[in-house]
Protein chains: 2
Amino acid sequence: MPRAIAARAPLSRDVVLTAAVALADERGLEGVSMRHLADALGVVPMALYKHVGDKEDLLDGMVEHLLTGLGVGGTTGHQADRTADHTSKPLPWREAVTGPIHGVRALHRTHPWFRRVLETRQLRTPAVLAHMERLTSAFLAAGFTPDLTHHVMHLLGNRIWGFSPELFNEAGGPPTRRSTAPTPDPTDYPGILAVAADSRTRRPTATSCDEDGEFDFALATILDAAERLQRSGWSSPK
Amino acid sequence: MPRAIAARAPLSRDVVLTAAVALADERGLEGVSMRHLADALGVVPMALYKHVGDKEDLLDGMVEHLLTGLGVGGTTGHQADRTADHTSKPLPWREAVTGPIHGVRALHRTHPWFRRVLETRQLRTPAVLAHMERLTSAFLAAGFTPDLTHHVMHLLGNRIWGFSPELFNEAGGPPTRRSTAPTPDPTDYPGILAVAADSRTRRPTATSCDEDGEFDFALATILDAAERLQRSGWSSPK
DNA sequence: AGAGTAGGTGTACGATGTACACCACGTCAA
DNA sequence: TTGACGTGGTGTACATCGTACACCTACTCT
């Protein structure tokens, strides 16, 4: 019984979305049900439907909410760009590209659920398009042809979305699920073991990959490659 | 009432997983509920729990099922590798890398739901590790240091999983949802428009991006970059 | 004063995952 | 032959989910 706690301030789409993001942050994405969200707002579940169309629209809204919050200059304090081959100092267009990319990536650090929601969204919302526009126009302004720009956007792929898959260091807690899968035998994977061993000698104290470092390396390498294609006057075959 | 249709063959984990994959293929991922799956098998929902631990385990199993089916040589008929800069012919190690990658990518073409399931899985199952091992050992065998191999795996990122995000050409059907989002104004995105226009002149008949082409281009470019790093004796800083 | 609207309520329904108790059968030891 | 047991399918039951629908209140505008 959501007792109206002394004239609660009225809801709005923005209030709902903010609460939903907070709820997802502390309880995980599964914790975001219309009922829990309504509870958190001191309101009955159906009240939410006056502000969001349905749950899909709520999730859309959460994405939009975070991306919009990025806006101009949401990239402060992030690691500077650097080329991977250390042969030249960063050009200004690279900052124009890495800025928005690091901005979105920061969202992933703050909101671990963000990735999974993004994956299920139709992505042609204004905030998403604005993000793409920032990147696209940065390449065009740097002298990339539209053709090459197009290809480079594909090349950047999920880098645009600010994460590389957490394949290498899962939160490998104790298996709570009644999984039928056998625990794999490490000796079946000598290559992986060799890489892991090498990685351990290189960073003895670390318990997982240097995700930020790997991300920046990948981004820089890809941008280096893009730059090389541009300078060589690349255009698509046929 | 699932009438035992004249001594139905007994279930097994494999039968269940195969049916689940088929169900997902024709009804989409949302259509895969324990009840629907049981129906499709002519069985009561709870019967499934003798073969899969729970729904999470079912989804794990579906991924494992498909990846295992790839096994050795699941890569026939796919486009040959080619370098993006056309300066050298493909080396054998590149086929060893692109083979498994194209194999997984083929799964995405066949099973559109595969991507979304992958995103929600814990990825350290045997089939997943086997896939990674194939790639890792191919790099090591090609003379990449473990250090560089590690970084290149991160660099490949989702390319390992055989897709780049379908950001550019959604199945943009009529909006069935009661979305609150405003339809964006195209003129707000001149860069995107310029790229799209150029793309149209280049492939006038196409209604969407050449996804396979873009994927192959991105993969080749990344592998070119990796090769360059390897030849230059790259090792991680510090 | 009366109509309209924006926003919150209450009830109700169908779908989902799955716990739990049950039972039919085969195999095997006694 | 008997009886115990494990394997696999059944039936019922429950909590939780998204949300349709009818309602009620309070405020604004004519």
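Tutor: UniProt, in an unreviewed entry, places the feature "DNA-binding region" at residues 33-52 of chain A; such positions follow the numbering used here, feature names are shortened, and annotations may be inferred rather than shown by experiment. This is a predicted model, in which local features need pLDDT of at least 70, side-chain atom pairs count only at pLDDT 80 or more, and totals for chains, interfaces and linings use all residues. Residues are numbered from 1 along each chain as written, chains are lettered from A and ligands numbered from 1 in the order written, and side-chain values use heavy atoms, without hydrogens and water.

Student: How many residues surround DNA strand C?

Tutor: A residue is near a strand if one of its heavy atoms lies within 4 Å of it. Here 20 residues surround DNA strand C, and the closest include M46(A) and R35(B).

Student: Which side chain has an N or O atom 2.9 Å from a phosphate oxygen of DNA strand C?

Tutor: That side chain belongs to Y49(B). For S33(B), a polar side-chain atom lies 3.4 Å from a phosphate oxygen of DNA strand C.

Student: Where does R105(A) lie relative to F215(A)?

Tutor: A charge sits over a ring if NZ of Lys or CZ of Arg is within 6 Å of the ring centre and within 35 degrees of the ring normal. R105(A) lies over the face of F215(A), 4.3 Å from the ring centre. In chain B, R105(B) lies over the face of F215(B), at 4.3 Å from the ring centre.

Note on methods: Polar contact = N/O pair within 3.5 Å; in protein donor to acceptor, adjacent residues only side chain to side chain.
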